[in-house]
Amino acid sequence: MLLTMSIDVHKIREDFPILQTKVNGKDLIYFDNGATTQKPNYVTNKIAEIHNLYNSNIHRGVHTLSQRCTDEYELARKKIQQFINAEHSQEIIFTSGATQSINTIAYSFGERYINEGDEVLISTMEHHANIVPWQMMCDRKKAKLITFSFNENGELELEDFKKKLSSKTKIVAVTHVSNTLGTVNPIKEIIDLAHGAGAKILIDAAQSIQHIPINVQELDCDFLVFSGHKLYGPTGIGILYGKHQILNELPPYMGGGDMVDCV
């Protein structure tokens with residue numbers, strides 16, 4: 001039996017104030033969601049609520065406003081934990097976006113685990129954000145950045161991946177869904193192959209998190225990143241998921257407040 005679901009497009013459009021505007025005298029129809037999504041009333045109203053009613057520093061005060069803002073902040077972390085089924089809330093790290101999330105791991109993982117002659121394996125369909133940080137890290141650590149290819153249909157060549165994967169491979173970084181081709185990659189198979197070779201793996205989920213249910217425990221990925229602004233959230237927020245046992249071994253990417261035992 002075929003089940004159908006009725007979608008009230010007009011009701012959905014009402015949730016996005018920008019879609020009530022006109023461009024060149026016509027109702028705005030927005031297609032550039034792969035670059036950034038528009039923001040629904042719930043998101044913009046929540047931002048206004050925080051700034052208007054209880055704006056304060058999180059983790060920095062014992063007064064009521066600070067405690068409330070901290071509670072809301074940590075509640076958001078738990079929601080993300082549930083959204084991707086992470087085992088622990090502390091596995092969810094807030095960043096400025098997927099780019100900073102990748103840079104954080106490229107730097108910290110590189111400092112801890114990458115030595116001269118080691119290899120990092122990425123695909124040739126990666127976004128610049130999942131190429132340049134690894135190039136910079138490999139230059140700094142005198143490691144090698146290895147790429148595996150995709151075919152004329154825009155599908156990753158897994159045989160080439162298997163050929164390039166070796167005991168020298170310390171980490172694999174690959175997109176879940178290509179930002180240009182729209183290819184949905186077989187990341188579970190790639191994850192299992194990477195682990196079989198003793199490598200860690202980072203998944204760029206910036207283009208998949210909106211469309212595909214993601215369970216990081218089932219996938220068994222070591223790191224996963226995505227951006228809020230592609231997921232109907234505000235600009236300037238991103239998520240870095242990492243297995244807690246691995247995160248605990250990595251050196252800090254940046255120093256400052258909220259990370260200090262003693263100075």
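How many residues has helix 4, and how far does helix 4 reach from its first C-alpha to its last? Helix 4 has 16 residues and reaches 22 Å, close to the 22 Å expected at 1.5 Å a residue (1.5 Å times one less than the number of residues). The model is predicted, with local features requiring pLDDT of at least 70 and side-chain atom pairs pLDDT 80 or more, while totals for chains, interfaces and linings use all residues. Residues are numbered from 1 along each chain as its sequence is written, and side-chain values use heavy atoms, leaving out hydrogens and water.

**View 1. The protein chain.** The chain holds nine helices and nine strands (DSSP runs, H or I of at least four residues and E of at least two, numbered from the N terminus). Of its 263 residues, 40% count as buried (under 20% relative accessible area, 1.4 Å probe, protein chains only).

**View 2. Helix 4 and helix 5.** The axes of helix 4 (residues 98-113) and helix 5 (residues 132-141) come within 9 Å and cross at roughly 20 degrees (axes are lines fitted to C-alpha atoms over the stretch in contact, with angles from 0 to 180 degrees between N-to-C directions). Helix 4 is therefore roughly parallel to helix 5 (angles under 35 degrees).

**View 3. The buried residues of helix 4.** Among them are A98, I105 and F109. The buried residues of helix 4 pack against helix 5 and several strands, including strand 3 (92-95) and strand 6 (169-175).

Technical notes: Angles under 35 degrees count as roughly parallel, over 145 as roughly antiparallel, 65 to 115 as roughly perpendicular and the rest as oblique. Buried means under 20% relative accessible area, exposed over 50%, partly exposed in between (1.4 Å probe, protein chains only). Contact means heavy atoms within 4.5 Å.
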